[in-house]
Amino acid sequence: MGSMTTWFISDLHLDAARPAITHLLLDFLAQVQGSVDALYILGDFFEYWVGDDALELAPMSAFQPVVASLKQVSDSGVKLYFQHGNRDFLVGEQFAAVTGCELLPEQLVVDLYGTPTLVLHGDTLCTDDVEYQQVRKLFRNPQWQQQFLSQPLAERIHQAQAMRAKSRAAMQGKAETILDVNQQAVEQALRDTGVGRMIHGHTHRPAIHDFMLDGKPVQRIVLGDWHETRGSFLRVDVGGVALL
Ligand code: MN
């Protein structure tokens, strides 16, 4: 994979029911191990996450090989970063400890070979989906999270699956444009942070968007979601970016 490179992935939606995607990931992790600068996971790595303590138990124990592989990657000297998505916002410090990853805040600017870049999951940019933004506020409330995590595992899984079904049903009733990012929110985020490039996932619409903002060329890179037959990757090095 070449050294002096940084890789970004997101939206794998790892699910014990879709083991092919887990295998694609394990192949990828074996390749980056020891050979790249950093790997950023920008959210929705898991289809759902009901607490780090569940990792020992079925069905979440299906992800033990993923955890072991992430640990090998971080032990090999690759910096491993994890940002929460709207599905796996409950990934916590225990997960970070067993994988050797660093949990990132919901958005931050990182320097990528001299280019300051805003990285974020992307759901906060979907401001046209007012209903979702309200739910998001609830899910990110520490009190709500604490109460959710205090329930027995079976109940947490039951609730996570119910929320997933509800979210899927809600999405079906919404226009495509509502589920995409809001251009004003994108521009505001770039202005607020003063950078000319952002990388995000969430919308499952992989693309590199070049446009002008306040007279300067800027770039919005969108990672794709993973399918049984192929992953989606962004490679960044001194020469530029490649969305694969
Ligand atoms: Mn998402």
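Trp49 has a relative accessibility of 3%, so it counts as buried, the cut-off being under 20%. This is a predicted model, so please take every value I give as computed from it.

Phe95 is buried as well, at 1% relative accessibility. The rings of these two residues, Trp49 and Phe95, have centres 5.6 Å apart and planes at 75 degrees, which makes the pair edge-to-face. Trp49 sits in the loop between E2 and H2, while Phe95 belongs to helix H3, residues 93-99, so the contact ties together parts 46 residues apart in sequence. Ring pairs also connect them into a cluster with Phe45, Phe46, Phe63 and Phe82.

Over the whole structure, the search gives 18 aromatic pairs. One of them is Phe28 with Trp226: centres 6.4 Å apart, planes at 75 degrees, hence edge-to-face. Phe28 is in helix H1 (residues 19-32) and Trp226 in the loop between E9 and strand E10 (234-237), so this pair bridges 198 residues of sequence. Phe28 is buried at 3% relative accessibility, and Trp226 is buried at 1%.

Now the metal. Which protein atoms are donors of the manganese ion? They are Asp44 (OD), Asn86 (OD1), His121 (NE2) and His202 (ND1), at 2.0 to 2.2 Å. Asp44 lies in the loop between strand E2 (38-41) and helix H2 (64-75), and His202 in the loop between strands E7 (197-200) and E8 (207-213), 158 residues apart. Both Asp44 and His202 are buried.

Last, the hairpin. E8 runs antiparallel to strand E9, residues 216-222, with seven bridges joining them. Two residues separate the strands, and Asp214 in the turn has a positive phi of about 50 degrees. Met212 has Pro217 in E9 as its bridge partner.

How values were computed
Residues numbered from 1 in each chain as written. Predicted model: local features only at pLDDT ≥ 70, side-chain atom pairs only at ≥ 80, totals over all residues. Heavy atoms only, no water. Donors = N, O, S within 2.8 Å, 3.2 Å for Na, K, Ca; no water. Helix = DSSP H or I, 4+ residues; strand = E, 2+ residues; numbered from the N terminus. Buried < 20%, exposed > 50% of the residue type's maximum accessible area, 1.4 Å probe, protein only. Pairing = 2+ DSSP bridges. Phe/Tyr/Trp six-rings, centres within 6.5 Å; stacked < 30°, edge-to-face > 60°.
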